[in-house]
Every structure is written in C-alpha cells, then in structure tokens.
Amino acid sequence: MRKAFSIVMAAALAGSMMAVTVSASDVANADKPVAWFNRQPSNSQTGELDMDALTWNEDTYYVGFDAKQGAELQGEMIVDYVKAHGAELDRNGDGVLGYVLCIGDIGHNDSIARTRGARKALGTAVPDSSQGKESIETIDDVDSQPIGTNTDGSATDVQDGSITLDDGTELVVRELASQEMKNNSGATWDAPTAGNAIATWSAAFGDQIDIVVSNNDGMGMAVFNAWSHENNVPTFGYDANSDAVAAIADGYCGTISQNADVQAYLTLRVLRNALDDADIMTGIGTPDAAGNVLSEDLFYYDEETRCFYALNGAVTADNYESFLDATAPNAAFSNQLSEDDAPVKKVWLDIFNSTDNFLNATYLPQLQNYDKIMNLEVEYIKGDGQTEANITDRLANPGEYDAFAINMCKTDNAAAYTAKLQ
Ligand code: BGC
C-alpha cells in the first residue's frame, strides 16, 4: 500500500519538476517567508519568547510541538508503568526507587519541560527558586537544573519523593543522577555522551538504578544499548524514532511521539501558503484544493505569537505497532499540489546538527515526504550542532531562495539568521 503510494507520487513528481524552471523572485530577502522550527526563538535562560524573531516579517512563523503537554504525558507514562509493575522494580530491595535522568540541553525549552515533567510526576520536583517560585502548581514551576550525582539524597535541586504502587507498596523515589548530555565540543542532546554517562553511573551505583528517564530517544537508546537492556532496567525516551519504537518489542519501555509528520508538513506548509499569498490555514485547518488538511486533534495555532504546535501521543507496549515507521507520510496531507496554484519555489532549510537522531532519522525524512508534493525545491543544509556560523555562513546568497526554514543551534541566536536577510 505504501509502496504503491510512493510510486504514484514519484511519477507525479518527475513530471512536475521537469516542466518548470525555478527562478528566485525579486522580493527583498527581508520580506521572504521564514519558518523557525524545532528550536523556538527564545531566551535560553528564562524561556521568554523572542518576539522580534517570531514577527521578523509578516510571513514568519514557528513550528514545534506542545512541549508542556508532551512533558506531562511522558511523566504520566513513567508513573503508570511504575505503579503497575510493583515492588520488583526496586532491584536491590532498599525501598528506594532510583532513577537517572539524561538531560538534552539545559537551554532548550523542550528539554527543560521534559526534565520538569518527569520530576513533577515522580514527586522529586522542587520549586524553581531561580524564577522566584515557592510552590509547584504546574510543571513550569519546577527546578530543571541537572544535579550531578545524588545517591545520598542530599541534592537541593530535587527532593526525595514517594510513590504508592498499585499493589500498595510504598517506595521512596530518588533522582540518583542527572546530567546535560553535551559533548566536549559543545553539541547537546548527545547520545554518545549519554552512553558514557551510564557507564560511569552504573560502575559507581548500578544496583541502585531502577529506571532510566531520558529527554529523548537518541540518548535513551544509547543507554538502553549500553546498559539497561542487558540489565532489564526500564528505560523511557521521547520522539518515537523508528529504532526506539522497534526496541519496545525488546524491552524499551516507552516514548512519546511529537508527531513529526505534522511538524514537517507544517514547516513547509506555512512557507507555501505565504509564498502563494494564501490564507495561512490553507491545507492546515481548512482543506486545500488537493484535499490536504490536518485534523484538529493534531495541532493548534497561537495567532498572537505566530506559533504552530503539534500535539503529542504516548507510545508504549500497548500501541507501538502502529508507530513502527516514524518516517511514513500521512495520507491525510500527502496530496500533490497543482503547479498552477503553487508554482515551484526554492527553499533553504537547515538542520542544526548532522548527528541529532530525531532530526535526521525522523524529521528530515518527513520533510522529504512533503517537499515535492508542495512543489518546493528544498536545499537541506546540516550543521555541526554547536557553531551557528557554520550554518549561517552557508546562507551566503539568500537572494537565490524564495523562503527559509531555520533550525538554530541555540534558541537565543535568531538574529544571526535574520541578519543575513537584512
Ligand atoms: C527532540 C530531540 C532533539 C531536539 C533537537 C527535540 O524536540 O525531541 O530529540 O534532539 O529537538 O533540537
């Protein structure tokens, strides 16, 4: 079924691409559509949105997913599993359920939200004093700092929690260790660093580790492959990358889908609509001429901040079979646009890190599912994960492109890109 679909699509594309000569328009670079994606322009210390970047011109948007809803869902998924699995989870029988936490990037709002969501759900959260918080109402109030090691429970950025399992057993919950997984050259969400961390942690206090929680699947799978699979320690990630979903059959405990198909489609779709002077909701909230549309339960749009957010879903042993191919296109929005309505245009798009698992294994193939059906010729650039200039230097001739899709190394750095478009 999928194969037939791709063949038809490939044939349609071959026809359409040959017929058209692409020419960059004479629109000023500063007026061309911009889609920020995956890293929301914002202050990496406070999380405050960078409205200058989000309203750079009237055709600027951000596409991401609901970080808070996803983070709460991850926390809930972990707690449900723990409660249902009983006291056998406490591997050394010391009455303390110990977990380690792999943090992606302490300045990235998705990562911060996930750390907060896990801590709040597991009862280890403390109010974020750096924001002047004295109590915890929502996950936004939770301290998200890494703690290093905390085998004795003395860390101040977390506290010992407690959990009552479905069988009535009460266990103390302790965050034994957490660390930002940043490599020596500065790349964040770094899977090999997570593999090294678990080697260190397990050598020092392996019998105390009962659960592994990770801000993403890249790091989660590194830990699973290096240690937790062999030791039967429940491991949870985020992103629903294909390899992580497949590993659920083999003991990986769960992940969260951030609906990369929806995000990839939206990233290109907002550019397409802006280029066509179409209503921004065309093919999103309302069907386009080809019948593409997103159902309401998949996304929402915050008009004031010009941000589109995909919603998240939990992927566990109960439902993983339908998530096995994270790169499959979604038939509800895979219909070829006509070149009469949507003439071929050129887009410059960067991925901040050529080794980021989620962006390269899931998001990029999804972008490639939708670029040609939208008649967008996309030049994909990949960065090294830490040097913004390594990417911006490759935007030397913005005049050659009609629109831009930008994934920054650091959420504070939007101006490094817009400077190129002045
Ligand atoms: C993903 C991570 C990824 C990061 C990159 C997040 O939304 O969940 O896996 O490493 O984006 O910016």
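The structure is a predicted model, in which local features need pLDDT of at least 70 and side-chain atom pairs count only at pLDDT 80 or more, while totals for chains, interfaces and linings use all residues. Residues are numbered from 1 along each chain as its sequence is written, and side-chain values use heavy atoms, with hydrogens and water left out.

The domain assignment of the protein gives domain 1 (20-66 + 260-421) and domain 2 (69-257); such bounds come from an automatic or database domain assignment. Taken over C-alpha atoms, the centres of domain 1 and domain 2 are 30 Å apart. Contact between the two, meaning heavy atoms within 4.5 Å, involves 30 residues of domain 1 and 33 residues of domain 2. Together the domains bury about 2400 Å², of which 47% is on carbon and sulfur atoms. Buried area here is the accessible area (1.4 Å probe) that two parts lose on being put together, summed over both. Asn312, Val315 and Gln386 supply 20% of the area that domain 1 buries against domain 2, more than any other three residues.

On the side of domain 1 that touches domain 2, the elements giving two or more residues are β12 (313-316) and α9 (357-370). Of these, β12 gives the most, with four residues. Helices (H or I, at least four residues) and strands (E, at least two) are DSSP runs, numbered from the N terminus. The residues on this side of domain 1 divide into 11 nonpolar, 14 polar and five charged. In that division, Ala, Val, Leu, Ile, Met, Phe, Trp, Tyr, Cys and Pro count as nonpolar, Asp, Glu, Lys and Arg as charged, and the others, Gly among them, as polar.

One salt bridge is found across the interface of domain 1 and domain 2. The term stands for a side-chain nitrogen of Lys or Arg within 4 Å of a carboxyl oxygen of Asp or Glu. The side chains of Arg39 and Asp105 meet in a salt bridge at 3.8 Å, N to O.

The structure as a whole holds 10 salt bridges. One of them pairs Arg116 with Asp128, whose closest N and O atoms are 3.1 Å apart. Arg116 lies in helix α4 (residues 109-122) and Asp128 in the loop between α4 and β4 (148-149), so the pair ties together parts that are 12 residues apart in sequence. Both Arg116 and Asp128 are buried, where buried means under 20% relative accessible area, exposed over 50%, and partly exposed in between (1.4 Å probe, protein chains only).

Another salt bridge joins the side chains of Asp160 and Arg174 at 2.7 Å, N to O. Because Asp160 lies in the loop between β4 and β5 (161-164) and Arg174 in strand β6 (residues 170-180), the pair ties together parts that are 14 residues apart in sequence. Asp160 is partly exposed at 30% relative accessibility, whereas Arg174 is buried at 14%.

Lys410 and Asp412 also meet in a salt bridge through their side chains (3.5 Å, N to O). Lys410 is partly exposed, with 42% relative accessibility, and Asp412 is partly exposed, with 31%. Thr411, in the loop between β15 (403-406) and α11 (414-418), is buried at 3% relative accessibility. A polar atom of the Thr411 side chain lies 3.0 Å from the backbone oxygen of Ser42. Leaving aside residues up to four places away in sequence, Thr411 touches Arg39, Gln40, Pro41, Ser42, Asn43, Ser44 and Gly107.

Two asparagines have positive phi values. Asn38, which is not a glycine, has a positive phi of about 70 degrees; this residue sits in the loop between β1 (34-37) and α2 (51-54) and is buried, with a relative accessible area of 7%. For Asn232, phi is near 55 degrees. Asn232 belongs to the loop between α6 (217-228) and β8 (235-236) and counts as exposed at 66% relative accessibility.

How values were computed:
Polar contact = N/O pair within 3.5 Å; in protein donor to acceptor, adjacent residues only side chain to side chain.
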